[in-house]
Amino acid sequence: MNTTNVPRTTSFLRRAGWPRGTVGPIEMGYAAVAAAAVLWGLFAAKFWVFTTTVALLLAISALGLTAVVGWAREMSLVQAGLTGTAVYVGGYAYRSQGGWGWPFLLAVACAVVVAVLLSLLVALATVRLSGIYILVLTLALQMTIEQTVFVERKLTGGLRPLSTPRPEIIGISFVSDRAFFFLCLGVLGVMLLLLARLRASRHGRALMLVGTDRQAAASVGISPWRYKMFAFAVAGFFAGVAGAFTAPLFGTPPSPLSYLSLNSLFYLAIPVLAGFQCLLGVVLVAVAFGLAPQALEPWHISPLILGGAGLLAGTLAGRSGISGVVSNLLRVRRRQRATAELDVRDGAGRTLDEEKAFAFSGEER
Amino acid sequence: MFELVGVAFNGDRIVPGLVLGVAAAGLYGLLAVALVLTYRVSRTIGFVMGGIAFVGTFLYYWLAYVDIADFGAHPRMGRIPAMLVVVATGTVLGSIYGLTVTGKRMANWPRIMLTTYSLACLLLLTGFAVSIIPAEERRVASPFGTRTFRISSVVVTIHQVATIVILVALVVALTLVLRGTRAGTYVRAIADDVETAWWLGIPLNRVGVGVYGFAGGVAALAGVLLASAVGTSAPGILLIFLRALVVAVLGGFTSLSLALAGCLLLGIGETMLTAGVFGAMERGLREVILTSLIFALVFLINRFRPIRAIEATGL
């Protein structure tokens with residue numbers, strides 16, 4: 001294979017003969033993150049593997065919120081409540097001691113159905129109202145969940161320790177922290193793929209049109225309220241999956257304090273900071289948000305400050321968020337590199353500007 | 001006690017429910033007033049007021065709390081001076097927030113972005129409050145003392161009476177100011193049409209900062225009162241803030257008098273359910289009934305829009 005004519009500035013894959021257009025920076029980014037996650041799961045200390053698993057599940061829930069906040073352009077402050085509900089319902093359905101003792105996948109389905117139904121309930125009540133009402137009423141639902149689900153001792157355990165074991169799926173045991181990390185990583189990958197496919201589908205585009213211009217959507221036969229309900233259902237589905245996998249992660253039901261209304265704001269900060277264009281950005285920001293409180297523990301920095309700073313930075317960065325800023329930077333750099341390649345004119349490697357300077361200098365070639 | 005269409009009814013608990021409900025309404029009302037005021041000048045929900053209330057509660061705790069176990073220990077400040085310091089701090093915080101949102105950079109931002117910015121400020125203020133002043137879940141003595149009164153066989157504290165008196169006085173004073181003064185006319189003009197108000201030469205920034213500063217002071221005062229009523233419990237403060245939001249929603253975020261009516265409705269309804277006027281009820285069921293009522297009321301308000309008519313009268 002002759003690679004001498006390919007300029008040195010192109011990627012190593014191109015130089016290795018990889019066809020143009022098959023691997024872009026986004027695919028490369030996904031591959032790099034996946035490789036880093038696998039290495040992390042294999043070699044990081046157990047504590048950090050466990051903490052990262054929590055962060056991966058946070059990422060799944062935040063991805064669901066992207067459909068509401070980013071695509072339908074509505075604010076929802078109930079995501080933490082939905083996730084918490086799924087944690088407790090899923091855990092109750094799965095554990096045999098003090099629960100129903102269902103198979104794990106059935107318990108996951110049960111948690112997902114409950115979260116989707118709750119999400120649809122708030123969507124049904126608010127979908128024809130303006131954004132401010134949706135915001136307040138989702139917050140009202142969050143508080144209702146706190147006063148009803150989170151105080152139910154059968155679900156949360158109260159002072160009585162309840163054990164929710166790690167699952168075994170098709171004969172593979174996920175008891176160890178590392179095995180459960182890889183299970184959650186796989187689930188995150190599937191959910192990411194699902195959301196990416198949804199975004200590219202007819203329904204995803206319709207949802208984004210509803211978010212951008214409701215009247216235009218209605219005029220082309222797309223029902224705004226039906227698609228808004230769809231967005232809330234997607235958010236509920238993702239919260240349900242995240243919650244169902246959180247239940248066996250901790251062994252005993254986690255404290256409801258992790259799913260209070262302030263945490264819903266923390267969840268909201270993730271897609272707002274990451275931006276709504278890049279799903280990988282949402283995952284990375286969620287992982288950073290999941291790890292940062294532990295990393296900053298010695299300095300006693302409240303996660304609320306982190307969430308607030310994230311929301312603030314996301315608001316200042318605009319709709320495209322941090323991922324938009326990064327992709328803009330990459331685009332500018334790529335354009336500069338492409339321009340530099342085109343400007344190469346002679347064997348000496350002079351650029352067009354240098355060539356002009358050379359021409360006016362009066363030197364002989 | 002008798003049953004009416006299958007629902008238990010305790011007639012003897014109506015009066016206590018009414019009295020305590022009115023007292024509870026005062027707590028929601030102050031925050032609701034702050035929310036309505038800021039909404040009138042910005043058309044966004046001032047979530048930041050919740051953060052200022054948090055700061056108010058924690059700062060008042062830090063200034064005025066003394067543990068009973070610490071014999072001979074003195075608070076950093078007397079309760080009334082502490083309350084004044086907290087209100088001043090809230091006013092400064094509100095003004096700073098007002099300066100940022102009415103400044104050149106943010107003045108033309110979409111409402112949803114301003115709301116997100118407000119949420120960010122709520123989180124930041126709450127985070128700083130709980131980080132800087134680590135407080136156990138304790139109640140702080142009321143700045144108004146510990147006297148109690150008996151109203152129709154119900155014992156109410158001076159704190160409850162003072163809260164409701166402050167709220168009513170505030171709503172009456174604000175209604176008079178909004179209807180009868182130049183500053184009030186400016187606020188109403190901005191609430192009606194910002195662009196026209198600007199063309200008429202109304203100083204938008206100055207009025208905006210002033211309203212945010214005043215609302216910040218009210219929110220901080222609410223924080224002080226919450227420190228005595230619910231203490232430094234974050235979920236408790238948040239619950240009150242949510243109730244205030246709901247009350248403001250019932251008033252369409254623009255009407256002080258409707259917000260006050262919403263306070264009374266919610267306070268009395270909640271207290272009657274808790275007191276067992278309709279039979280003994282679990283907390284979860286009470287919350288579901290209240291939330292359903294709120295959803296239904298919001299739906300009805302949006303359907304029939306009585307707010308516009310009330311707004312037209314300037315109330």
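## Confidence

The pLDDT is the predictor's confidence in each residue, from 0 to 100, while helices (H or I, at least four residues) and strands (E, at least two) are DSSP runs, numbered from the N terminus. This is a predicted model, in which local features need pLDDT of at least 70 and side-chain atom pairs count only at pLDDT 80 or more, whereas totals for chains, interfaces and linings use all residues. Residues are numbered from 1 along each chain as its sequence is written, with chains lettered from A and ligands numbered from 1 in the order in which they are written.

The model scores ipTM 0.81 and pTM 0.84. Chain B has an average pLDDT of 84, with 91% of its residues scoring at least 70; within chain B, confidence is highest in helix H3 (residues 79-102), at a mean of 94, and lowest in helix H12 (residues 307-312), at 50.

## Overall form of chain B

Chain B has 12 helices and 4 strands. Its radius of gyration, taken over C-alpha atoms, is 20 Å, close to the 20 Å that the globule rule (2.2 Å times the number of residues to the power 0.38) gives for 315 residues, so chain B is as compact as a globular protein of that length. The C-alpha atoms of chain B fill a box of roughly 60 × 55 × 35 Å along the principal axes.

## Contacts of Leu31(B)

Counting two residues as in contact if their C-beta atoms, placed from the backbone, lie within 7 Å, and leaving out residues up to four places away in sequence, Leu31(B) touches Met49(B), Ala53(B), Ala219(B), Ala222(B), Ile240(B), Phe241(B) and Ala244(B).
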